[in-house]
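Here are my notes on this model, as numbered points. Have a look at the structure first, then read on.

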Amino acid sequence: MFNPGPSPTSTYTFKTVGSLQIEADVFLPQDESKKDLPILLWFHGGGLLMSMRKGIGPHLRRAASKYGLCVVSADYRLAPQMSVPSIIEDVRDAAVWTRGELPKLLGEGKVDVDRLVVSGGSAGGYLALMAGSPKLGISPPPKAIIAVYPITNPFGPFFQTPQRPVPATPGGECISHESMAPHINPDGPVLNGYGPVPFPPPPGDRGLLYLYMVQEGILEKLLFAKAPEGTVKEDYNTTSFITKDFPPTYVFHGAVDNRVGIEQSYALVKALKSAGVPYEFDEIPEPDAQHLFDQLDSSVEMDNMYKFVLKYI
């Protein structure tokens, strides 16, 4: 039986843009006496196009009590109605709030802001890696970065080559442009998340947007539809800014992942190794680790991931 895990201890608005409130869920250990908690800041996946903070996996919900962590799951504005530079701005603002305002809300001594790890799955893994960018990331950099089946390069072949239909698309047929047209309109309403995504998503639902993006090979187009003039796209390829000073990084990817090709992680690991960055790479053979497996199977613990977190905090 699927068990989603503990509910958030609290929910806060960490940023307001116009009338749009961008929120974060905070998970604390059940033992309220614990102090000086390290912080694990998590960003959800969905191609930067869909999903939301509430989709955080069961093992992450349990991690607060199991490992003595403050787990923060943060939303961000979605593409294509917002460009990836604006989404990275939300990442920076989430980190600033986590370090600056969250300790005041939780009480003196509850969290240790100097021990921050930034993490995420899929597109959230991409955001975690971007948090380590010396040009666009957070300052000071996190103690470590956790990237689970991450997008690492939105310009890579997996996201540029149409796949019609994408494997395991509901119904086995291509998703029509007409059904996705409202969602890919850059001038549509700005969202601070979309979900929980129904499974399978009904026709026309935004929950199909990621599959439509892969089907058409248009991630770059959607992420940069509203990018400011002068945006240097190469700054958003995570392998372009890896140096010896990049934070220690844990990478996890399933060999048969058909939502984010494992070659994305191969390129990242090559860059980490070449630069001399401390890293661990868990490549999981088929059929054990399809995309989102750790969110869909509540028995998954991700022990190696948390060993890495504890090592660097």
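1. Start with Y149, which is buried at a relative accessible area of 1% (buried is under 20%, exposed is over 50%, partly exposed is in between, with a 1.4 Å probe and protein chains only). Y149 sits in the loop between β6 and α5 (157-160); helices here are DSSP runs of H or I with at least four residues, strands are runs of E with at least two, and both are numbered from the N terminus. The backbone is worth a look too: Y149 has a positive phi of about 35 degrees although it is not a glycine.

2. A word on what we're looking at. This is a predicted model, where local features need pLDDT of at least 70, side-chain atom pairs count only at pLDDT 80 or more, and totals for chains, interfaces and linings use all residues. Residues are numbered from 1 along each chain as its sequence is written, and side-chain values use heavy atoms, with hydrogens and water left out.

3. L292 is the next one to check. Its phi is positive as well, about 70 degrees, and L292 is not a glycine. The residue lies in the loop between β8 (279-284) and α10 (293-296).

4. Two prolines deserve a click. S139 and P140 are joined by a cis peptide bond with omega about -5 degrees, and P140 is in the loop between α4 and β6 (144-148). The G195 to P196 bond is also cis, omega near -5 degrees; P196 belongs to the loop between α6 (177-184) and α7 (209-216). For context, most residues other than glycine have a negative phi, and most peptide bonds are trans.

5. Now for L41, in strand β3 (residues 37-43). L41 is buried, with a relative accessible area of 1%. Which residues does L41 touch, leaving aside those up to four places away in sequence? The answer is V72, A74, A94, A95, T98, L116, V117, V118 and S119, where contact means heavy atoms within 4.5 Å. L41 and A144 are 103 residues apart in sequence, and their C-alpha atoms are 11 Å apart in space.

6. On helix packing: the axes of α2 (residues 84-100) and α4 (residues 123-130) come within 10 Å and cross at roughly 70 degrees. That makes α2 roughly perpendicular to α4 (angles under 35 degrees are roughly parallel, over 145 roughly antiparallel, 65 to 115 roughly perpendicular, the rest oblique). V84, I87, I88 and V91 from α2 meet Y126, L127 and M130 from α4. By class, this contact of α2 with α4 has seven nonpolar, no polar and no charged residues.

7. Finally, the whole chain. How many helices and strands are there in the chain? Eleven helices and eight strands. The radius of gyration is 18 Å, close to the 20 Å that the globule rule gives for 313 residues, so the chain is as compact as a globular protein of that length (the radius is taken over C-alpha atoms, and the rule is 2.2 Å times the number of residues to the power 0.38). The C-alpha atoms fill a box of roughly 55 × 50 × 45 Å along the principal axes. Buried residues make up 56% of the 313. Of the contacts with a separation of 6 or more, 79% are between residues 24 or more positions apart.

Terms used
Axes fitted to C-alpha atoms, helices over the stretch in contact; angles between N-to-C directions. Nonpolar A, V, L, I, M, F, W, Y, C, P; charged D, E, K, R; others polar.
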